[in-house]
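Dear colleague,

I am handing over the structure we spoke about, and my notes on what turned up in it follow below. Please read them with the coordinates open beside you.

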Amino acid sequence: MKPFVISTLLGAALLLPSHATTVLEGSWTGSNQDVPANYGSNVAAAVPGISVAAGASGVVGTPDVAVTWSPLGDSGWQTYTSWNGRGDVFQLNGTAASIEFAPKTGTFVEVTSVDLDEWAGGGGVVVDWQLEGPTSGILASGTWTGNTAGIRETVAINETGAVDEVLTLSLTQTGGLQDYLAIDNVTFDQGPRVPEIVSFASDLQYIDGTDLTLSWEIAQSSPTLTVSLDDGSGAVDVTGSTDLGTGLGSIVLSGVTQSTVFTLQLSTGLEQELALLTGESLSLTSDSDLVVGPDFMVTLQWEVSPPGATVTLSDGTGSVDVTSDTDPLTGLGSTSVMVPAPVTDFSIEANASGQSVTKRVLRAAENTAAFSIDSASVVGGQTLTVSWTGAAAGPTDWIGVYRMEDSPGTDFSTQWRYLNGTQSAGAGPVDGSVEFTLPLGDYYVVHMLNDGYEIVGGPLTFSVVEPVEEVIKVVSVVRGNDPVDGEILTLEWESKAGMEYDIYASDTLEGDPVFDWEIVQIALASDGDGTTTFTEDLPEPTPVRRFYRVYEIEAPAP
């Protein structure tokens, strides 16, 4: 906020700043009529009561500024002719009123000055004024004091709002008689239109060697604007191909055969790029994100445009032409290739355009001294130990375990640890190990850097499997006859000390032994290392066949 400056003009001609473009003087047919609410809006040429000139932006008048007077009537703005002998003015009835200046999108407003005028006998009018906007806040303010003998003075404001900011000049009378205050010569300017590139396009989707037409549209264009076009070899002036009135322009280019980035540049510094390619790779996918031996093969699928393009596949070590593997009508293609390295980034390119899409495929690696796991098959509930030597051991280097169908950087890891064995960043050992306990499934583990997905160890594949049920070896099955109990059957099996045995029996093999068969003995104590026997009195009538299932469990501690 700046202090205002007052210059006294007692009946003298108004001296306008050289850049002022619109001066509202008023030209009325009578007094005490409402001032038109939009008086002075969008002025592009002089009319009675409004003067215009070319402003700092080169624009005549203020065609991009809407003006609103508020309020009107007995408590606001009204007309007055021959005010105290000083011509037509805008009279302020009541004690408070305002003028709003609203710029068109892409422009801004400068409020230059306003004349404050007290009719003779007004008792010394006192007026508080301020200019403010929602973005800039209060730009300027002050207090003007008149003279009961009658006086007109110019308040020099000279403040500019932000682009698109609506400015409001407010007046509040705090002293003197009402209806003795008027204003005149409201002077304001509009800032230069800020050009905007609305569109920049080509009539061709892809460069094919034929002529191409580039076209553009620039909003808020002005006569002083210059336009240039750069294809990477240097800017060429295309102002002559642009209608600066409408902002529309176009140019025809011949002999363009390579992918090119065109840049449309305006003299204001604004620019916009348009990349035109000779071809485009739309997608590249694989049937697996990780392949295993012995052949390490993967099937890649892709789509390119335009159909019929020359297509090149690269694996980071070399490129092959796969045009023959691509449908010339649809641009869809596929092929099976060997994955050459533990981490391979395949890419597909059409018509040597310089644009490609990439697909990472991992190849199962073997244990090395630098990175290894203690087992490729882990029993559920047991731990997998991952070890390394000679690691960089950065504070955010980490070990990630992924399911076989998941990919680092795309899917979440199943489990992970920093090299320090925790999930809190910190220095880890150069030579060390971490342990993981995982659900049943197929996995791989990788060593990656800096909280990212740069793989420096692995992938090493492994499985977490169900425990293998130990088969109890039966030594003998003897069926006999007891004088007291009748028919009996005696089982003998190899046993271990400190174990107990649950025995189930059935005349058929149907159902689950634990749930559907007969319980013939629970928690039979082991006879120790060697063998244990059990005899069952066979039920009546004696079955023709009898099946048994013996389960070994650890005996509870005494």
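**Charged pairs and aromatic rings**

Asp 184 forms a salt bridge with Arg 152, in which the closest N and O atoms are 3.2 Å apart. The two partners come from distant parts of the chain, since Asp 184 belongs to strand β13 (residues 181-190) and Arg 152 to strand β11 (residues 151-160), and 32 residues separate them. Please keep in mind throughout that this is a predicted model.

Is this pair buried or exposed? Asp 184 has a relative accessible area of 4% and is therefore buried, and Arg 152, at 10% relative accessibility, counts as buried because the cut-off is under 20%. Both residues also belong to a network of salt bridges that links Arg 86, Asp 117, Arg 152 and Asp 184.

Glu 536 is placed in strand β42 (residues 530-537), whereas Arg 546 is in the loop between β42 and β43 (547-554), and the two are 10 residues apart. Glu 536 is buried, with a relative accessible area of 8%, and Arg 546 also counts as buried, at 13% relative accessibility.

I turn now to the aromatic residues, for which a search of the whole structure finds 17 aromatic pairs. One of them is formed by Trp 28 and Phe 90, whose rings are arranged edge-to-face, at 5.4 Å centre to centre and with 85° between the planes. Trp 28 lies in the loop between β2 (22-24) and β3 (50-52) and Phe 90 in strand β6, so the pair ties together parts that are 62 residues apart in sequence. Trp 28 counts as buried, at 13% relative accessibility. Another edge-to-face pair is that of Trp 69 and Trp 77, with 5.2 Å from centre to centre and 90° between the planes, and both of these tryptophans are buried.

Which residues make up the aromatic cluster that includes Phe 90? Trp 28, Tyr 39, Trp 69, Trp 77 and Phe 90 form one such cluster. Phe 90 itself is in strand β6 (residues 89-92) and is buried, with a relative accessible area of 0%. Leaving aside residues up to four places away in sequence, Phe 90 touches a set of residues that includes Leu 24, Val 35, Ala 182 and Ile 183.

Terms used. Residues numbered from 1 in each chain as written. Predicted model: local features only at pLDDT ≥ 70, side-chain atom pairs only at ≥ 80, totals over all residues. Heavy atoms only, no water. Helix = DSSP H or I, 4+ residues; strand = E, 2+ residues; numbered from the N terminus. Buried < 20%, exposed > 50% of the residue type's maximum accessible area, 1.4 Å probe, protein only. Contact = heavy atoms within 4.5 Å. Salt bridge = Lys/Arg side-chain N within 4 Å of Asp/Glu carboxyl O. Phe/Tyr/Trp six-rings, centres within 6.5 Å; stacked < 30°, edge-to-face > 60°.
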